[in-house]
Amino acid sequence: MSKLVEVTINDKTYNIPEGHSILRACEENGIIIPRLCFLDSIHEDGNCRLCSVEVDQQHNLKPACKTIVRDGMNVVTENKRIYDYVSTNLELLASNHHFECFKCSREDNCEFLDLLRRYSILNEYSDLYGYELKQTQLNNSSDAMVIDSSKCVLCGRCVSACEKYTGIGVLDFNKRGNKTYVGPAQFRGLEDAGCIYCGKCIQACPTGALREQDDIKVFERAVRDPSKTVIVQVAPSIRASLGEEFGYPVGTNVEGKMFAALHLLGVDEMIDTNFAADLTIVEEGSEFLDRVQNDGVLPMFTSCSPGWVNYLELYYPELIPNLSSCKSPQQMAGAIIKTYYAERLQVDSKDVVSVSIMPCVAKKAEAKREDMGRDGYQDVDIVLTTRELARLIKRRGIDFKNIQPMEPFGDLATYTGAASIFGVTGGVMEAALRTVSEMLDSEAKLIEFKEVRGKENMKEATYHLAGKDINIAVVHGGVAIKEFLEMLKTTDKEYHFVEFMGCIGGCINGGGQPIVKAKDFERIDVIKERSKVLYTMDSKSILRKSHLNPAVQKLYSDYLNKLNQHDLHNLLHTHYKARTAYSEYIE
Amino acid sequence: MFERMQLLVCGGESCEQKQIGAIKDALLVELKKHDCENEIAITQSSCFGLCEKGAIVGVFPDEVYYQCKTKSEIVMIVEKHIKNNQIVEELRIKDPILHKRLKEHSNFHVFNKQNRIVLRNCGIINPLSIEEYIARDGYFALAKALKEYTSEEVIEIVKKSKLRGRGGGGFPTGLKWEYAKNSQSDIKYVVCNADEGDPGAFMDRAVLEGDPHSILEAMAICGYAIGAQQGYIYVRAEYPVAVERLERAIEDAKNLNLLGDNLFGTDFSFEIELRLGSGAFVCGEETALIASIEGFRGMPKLKPPFPAESGLWGKPTNVNNVETFANIPVIILKGADWFNTIGTEKSSGTKVFALGGKIKNTGLIEIPMGTTLRDVVFDIGGGIPNRKKIKAIQTGGPSGGCIIEKDLDTPIDFDTLTDLGSMMGSGGMIVMDEDNCMVDVARFYLEFTVEESCGKCTPCREGTKRMYDILNKISEGKGTLEDIDHLEVLASMVAETSLCGLGQTAPNPVLSTLKHFRDEYLAHVNDHYCPAGVCRELTNYIIDDTCVGCTKCATNCPVGAIIGWPKAIHKLDMSLCIRCGACKQACPVGSIKTVKGGEAHV
Amino acid sequence: MTKLAEIKKIKRKTLKDLKSQRRIQVGIGTCGIAAGAKEVFEFLEREKIKNKLDDCMITGVGCMGECALEPMVEVVEKDGSSIIYCNMSVDRTQEVVDSHLLKGVKLEKYSLTRQKR
């Protein structure tokens, strides 16, 4: 129990734990202080100056986010002077902001807009002194993300997020003064700058300056094209988080309503990525066994996280042989949709529009990769993030909260508990272990592998299977990835299987997930709440091991086992290519 | 070197008056007899042209001139005045006109040498010669500090001297050193801020180019005091001569083991390296400077933590300005008490100012704190040229404000200038006369600040730009009263909520010109007229009917805006006019007048 | 390791050397260089050799503070008395060499104290 100090805030006395900042002290006591750039333990530079408060009657104001309380401190957070200064600050930001709220990805979840409304900003500076659209860039060279400088408020949260979450620091301030803009160095596109599209910057951005490439219109047209059959797959993490966009508390399972909404949107068929997750486990399990028994490259790395795959291809290409050749569940699902499923529906592959709903931004780029298709079509045509789906549902006027839940039809929607937990860090490993342990040792009947669960960035465990010690590790987030791979270079320990996720916490904290405002992120453990949904689904499932999924077994017996090696490989496996960042020479 | 008194003796080698020559020799003999040689400096000036008065001897700092015709008179002067500080009234030159003439002659010989502490060696020693620096007691202060004082005692001396930071902040240097000393760490750093960015300031440049060793010695003393072994001089790349001289000085010092390991046989070691700036004014702010040395983008950080606690690479760091450091060796050698005899109670010592603008004697001056602004401008500075009237003095560069005529008798020190709404700053002093437009002055400084803002915090990045937009609008004649209100709100907001000193002080020129010259702003806004005739769109000329048709104006116009036949009244086309004023100057009868906007004669 | 005694020795020797020569100081701060002090300096060095002025030491010094009057040349005699010449072009320097250095006649018209403001 920490010591308490007495602080007067707006003429009332409070007992605040020592070491708290004024901002934290106020928020814990219901006093609202405007804030924009503060992101706990990620970006604490105090540069937006909106949280300026009067301390001990000093003339110059202090930033509440970084001023620590002291016994006897006298704080004033609201008076005419402070109100005028905050308003002027916001007017300044508004006067060069490109307001496109009607189409902006943050139309109903924008921290900047909240502040503008709260302070009744009139945006008069534009009229009076000219509207200088922040010129610089619309950096949209990548297939996944866009940097729109005309909406940037230069808070710097994205710069810190890329540095502290992912450890690659792709973004930084360029130029100076009022010509400053955020982006990769030397006007390079994101693709060239070594970005892995994990989307941590998007999650940190308070406005619509950073966003995923918007594919809503493409989807809308496809769904209204009578010649096309739209087949949608939904990732495990969507059902655990979609509800947040409609007012449900964090950690609510809205699976039924999710499918109902998709149905109302007009899609022709719905399948579940979870099904493909089970398929992936079976394929990957076999691959792992093969490597273990036939002296293959070990440790084997999982390959379902495209952010992680990008990271490896860019920064540790020498370890490409360690990557599992299995495609991710999204891509396996896409491949099955366009071949097996299209056949069953008696539709030409070319007339199938395969859509996936993903918590991930990197998936948009993954879908466009070379290997992910054949005969002139891609296996996944459109990737929509959780946020895009939510926007679609709202724009169509669907009353999400009150629709009747639905179940998807067809057996490509059957899944086991192991598939549900794919969205959490450690989930893929646990799912794999459940299958692999049985493959290696038919006596092993383990279901839960609790050692791989939890928030630490690197988790390790050893399981004794078929007379061998199998060393596994689970790594998530760019910083931990680097640490682990560097350690791998020098360690004597033999690892066999490692799960890597590009995002801390796994897909439930992916770049495409509903954005939680900075303030709320400090109060709610979002990762924990969302992962609880998935673990609960798993514990309530009857079938909890991927290889026991009857639909998967049927797929193999009906279709996959009849394919030749080459075709099977083409459907479910892929290749990787070494890439370098900053490879183009720019004068 | 720091003699108690200075004697200025007339003539010199070209003196042909043998009589006078004999008197001067007697002076030297007397001084030797009284053992005053080392504490009295004798300078031979040029001939005053007053030979009938005998030998003229000026005694400084008392500023008394004597006329001596006999040897016994010399004896009296030495015994009474020089030895016992008693003025010999009967020999004194009292005629005010003569006194003034003598003073004018002696001004530069004497006055500049009098209080030169920071610039003590500039113009006297060869900056490339470490031997000459040593000859002027160089590195003796370091030896004294290492051998005679503990590090705590050194800090006590600096504290006692009440030396305040000369970079603009005016923070007590001794206290700053003490904070760094009290931070626990085995690695600490000393940083010299030589990124003199204020436009018009070149005081630090003179020291770096003319006396680089003084900085090295001071940094070593600082390192000893706070417990650091490594020093960095962050010098702007726009000073290539300074960089060269510093590099050479460091090398020479190393060769004589006055930098490096075990200085003077003690266990104190100190190394100095240079780091060059890359053209960012904001890197003169200490946390931005530290970020720049670390290789990051030069952007300031929140304070606390202060560099004394966590600075370069997270270690306790002491950052001081060049001029602050230049004072240190002298303070160690002569003592804190001596230092306190110069200057005022709260601001001891001297300050170097770079005089510029509408003033006769532009250049660097070093004056004791407490000298009045009037003395600086009219006495030392020589006054305003062309018989113009003084309007304002701008001190502190883009962070400072204007001081008006009625406040000219204010003695200069850190606090008095801040009370007047300006600040000492680094020492730039720009004098303005009636031909300066104060709106334009504010706009000029803001242009600089807008360009140099780092962009990290919203108030400075956006606020200064909008203030600049408003000032442009006003000087183009499109301003409204509402604009002035916005200007004031913006100025207060930027000043009170910016993250670093650049933003916090950027509105000062605006706020102080608004306070003292609001009528000029109103003239621009309400009357569309620039009283000083500077703002182009608001300055119009007409040729009235006193014109004699001499065609001189038309001949001198560089853009051909004047037409007229000889002996007929000429006409001005304002749409071509660039307001250079050449026609006004050329007109022999003063027919060309500046009028309020809108009345242009076409 | 350099001892204090060695520094003192350097000081004594340098002071002695300084007193044994006439010192011709040219201001070579940036202000001086911008005004042409380098040319003046080099000219003086050539003149010294040409006229065999062995008791003259040509040296550069820092900014003297009167930046508007650069280039400045100060002639310091052995007894410490000095005269500061201002606005020194190479031609004027020639005059100073001929009149002052060679004939001992100072040129008051160029001296600092005679500059009309």
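1. Helices are DSSP runs of H or I with at least four residues, strands are runs of E with at least two, and both are numbered from the N terminus. In these terms, Asp17(C) and Lys13(C) both belong to helix 1 (residues 4–19) of chain C, where they stand four residues apart, about one turn of the helix.

2. The model is predicted: local features need pLDDT of at least 70 and side-chain atom pairs count only at pLDDT 80 or more, while totals for chains, interfaces and linings use all residues. Residues are numbered from 1 along each chain as its sequence is written, chains are lettered from A and ligands numbered from 1 in the order in which they are written, and side-chain values use heavy atoms, with hydrogens and water left out.

3. A salt bridge is taken as a side-chain nitrogen of Lys or Arg within 4 Å of a carboxyl oxygen of Asp or Glu. Over all chains, the structure holds 92 of them. Asp17(C) and Lys13(C) form one, at 3.1 Å from N to O. With buried meaning under 20% relative accessible area, exposed over 50% and partly exposed in between (1.4 Å probe, protein chains only), Asp17(C) counts as partly exposed at 36%, and Lys13(C) is exposed at 54%.

4. In chain A, Arg579(A) is bridged to Glu313(A), with 3.2 Å between the closest N and O atoms. This pair links distant parts of the chain, 266 residues apart: Arg579(A) lies in the segment after helix 21 (565–572) and Glu313(A) in helix 11, both of chain A. Arg579(A) is partly exposed, at 22% relative accessibility, whereas Glu313(A) is buried, at 2%.

5. Glu388(A) and Lys364(A) form a further salt bridge, the closest N and O atoms being 2.7 Å apart. Here helix 14 (residues 386–395) of chain A, which holds Glu388(A), is linked to helix 13 of chain A, which holds Lys364(A), across 24 residues. Both Glu388(A) and Lys364(A) are buried.

6. A network of salt bridges joins Glu430(A), Arg434(A), Glu448(A), Lys450(A), Arg453(A), Asp538(A) and Arg544(A).
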